[in-house]
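Please keep the sequence and the three-dimensional view at hand while reading the numbered points.

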Amino acid sequence: MADRDSIEPPSFTGSKLLEDVQKICIAIGAPFSEPTVRALTAAFPQNFREGAIVLRATSREGDALNFRFYEHRPVAVLRIAEDSGLLESSNQLARLLDEWSTPWAGDGLELEVPRQSCDFDPVKGLVKAWAYMGAPRPLYNLFAKNHLPESITKHRDAFYQLGLISVRHVAVNFHSNTVNIYFGIQGPMTAPRAAELTALAGYQFDLAIESADQFGWLPEVNFPFAVTIEVATGKIKRVAWYGLGLSMDRHPELGGRLETFLKVAPDYDVDAFLGVAWSFGPGQERYLKVEKSYGGGVVPLMKGWKSPGVV
């Protein structure tokens, strides 16, 4: 891997991102389509140029390399996607995210405007849209929105019982028809707590199989926890907890595919961001996800969001 001090942060170009994404996809065996990536960078030139860009890969063989931009300011990214023909204006998940992205009057945080962002797949194109809530929001405010289906709100009591009451981000996946809710929850993580949380997705957490070492990578006071819900059925497909603020020199054992990802994926930021997520699902499905900065000031953005563990 090149010495970070020898890398000059370049002005963003779609051709450079395409070149880097293709290189990473080849290295980790992920699908790639040059026309798709060119279309995406052409649709969002300013967003990629001015946003903070993050790369994501998983430990599962054949999984996609995802790339996303986070906005430093409020931008109606779904309107851009619609105008570019990447998203139908009638898409119900998009309308839901729009509603979650409107200013939240009456909760004392009116000046904290949510920010939308987009997540891409080099073959499928636009797969997910995000909203950073501007500040942690109470779950009851999130569930009070008009377009939220009962398949999602039916989990309210279970979330409250587990202390899942403060929401930092939400996301919608247009391809899997799922909603992601990203909570901030109190640590420290313990085996009984892990068993309670993974049971949401039908996973049986057992320290005879799992390693407790993963808990050491989570912030002790507060850490992100994500729940993925299938909109049509209400089934919880996955849960995951995140260790943020890690580094190339300080991270858990990741295995061959993710180590290759870290080795070949460039980072043009002055300060590097690295996060690891442990994901659990039905049928004892378990895998790792790694997110790392590519450029555009990811660490300053995360600090501004007061992301747990990013200092």
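1. In helix α5 of this predicted model, the buried residues are Leu 93, Ala 94, Leu 96, Leu 97, Asp 98, Glu 99 and Trp 100. The helix spans residues 92-100, and because seven of its nine residues are buried, α5 is largely enclosed by the rest of the structure. Which elements surround these side chains? The buried residues of α5 pack against the helices α4 (77-83) and α6 (139-142), and also against β3, β4 (125-138), β5 and β6.

2. The strands form a closed barrel. Ten strands take part, in the order β1-β2-β3-β4-β5-β6-β7-β8-β9-β10, and their pairing is antiparallel. On average, neighbouring strands of this sheet are turned by 25° against each other, with direction ignored. As background, strands of a sheet pair through backbone hydrogen bonds, in either a parallel or an antiparallel arrangement.

3. Strand β1 (52-58) deserves a separate look. Seven of its seven residues are buried, so β1 is largely enclosed by the rest of the structure. In a regular strand, side chains alternate between the two faces of the sheet. In β1, Ala 52, Val 54, Arg 56 and Thr 58 point one way, whereas Ile 53, Leu 55 and Ala 57 point the other way.

4. Within β7, Pro 224 stands opposite Gly 184.

5. Is Cys 118 buried or exposed? This residue belongs to strand β3 (residues 115-121). Cys 118 counts as buried because its relative accessibility is 0%, and the cut-off for that term is under 20%. Leaving aside residues up to four places away in sequence, Cys 118 touches several others, including Phe 44, Phe 67, Phe 69, Val 77 and Trp 130. Phe 69 is 49 residues away from Cys 118 in sequence, yet their C-alpha atoms are 6.0 Å apart.

6. The largest pocket holds about 690 Å³ of space and is lined by 35 residues, with Arg 56, Arg 60, Asn 66, Asn 173 and Arg 238 nearest its centre. By class, the lining consists of 11 nonpolar, 10 polar and 14 charged residues. Several strands each supply at least two lining residues, among them β1, β2 and β10 (285-295), while the largest share, five residues, comes from β8.

7. Two or more lining residues come from each of β2 (66-70), β5 (166-173), β6 (178-186) and β8 (236-246). The lining of this cavity comprises 11 nonpolar, two polar and three charged residues.

Terms used:
Residues numbered from 1 in each chain as written. Predicted model: local features only at pLDDT ≥ 70, side-chain atom pairs only at ≥ 80, totals over all residues. Heavy atoms only, no water. Helix = DSSP H or I, 4+ residues; strand = E, 2+ residues; numbered from the N terminus. Nonpolar A, V, L, I, M, F, W, Y, C, P; charged D, E, K, R; others polar. Pairing = 2+ DSSP bridges. Axes fitted to C-alpha atoms, helices over the stretch in contact; angles between N-to-C directions. Buried < 20%, exposed > 50% of the residue type's maximum accessible area, 1.4 Å probe, protein only. Contact = heavy atoms within 4.5 Å. 1 Å grid on protein atoms, 1.4 Å probe; cavity = no way out; pocket = protein on both sides within 12 Å on 5 of 7 lines; lining within 4 Å. Points joined across faces, edges and corners; volume = space filled by probe spheres on them.
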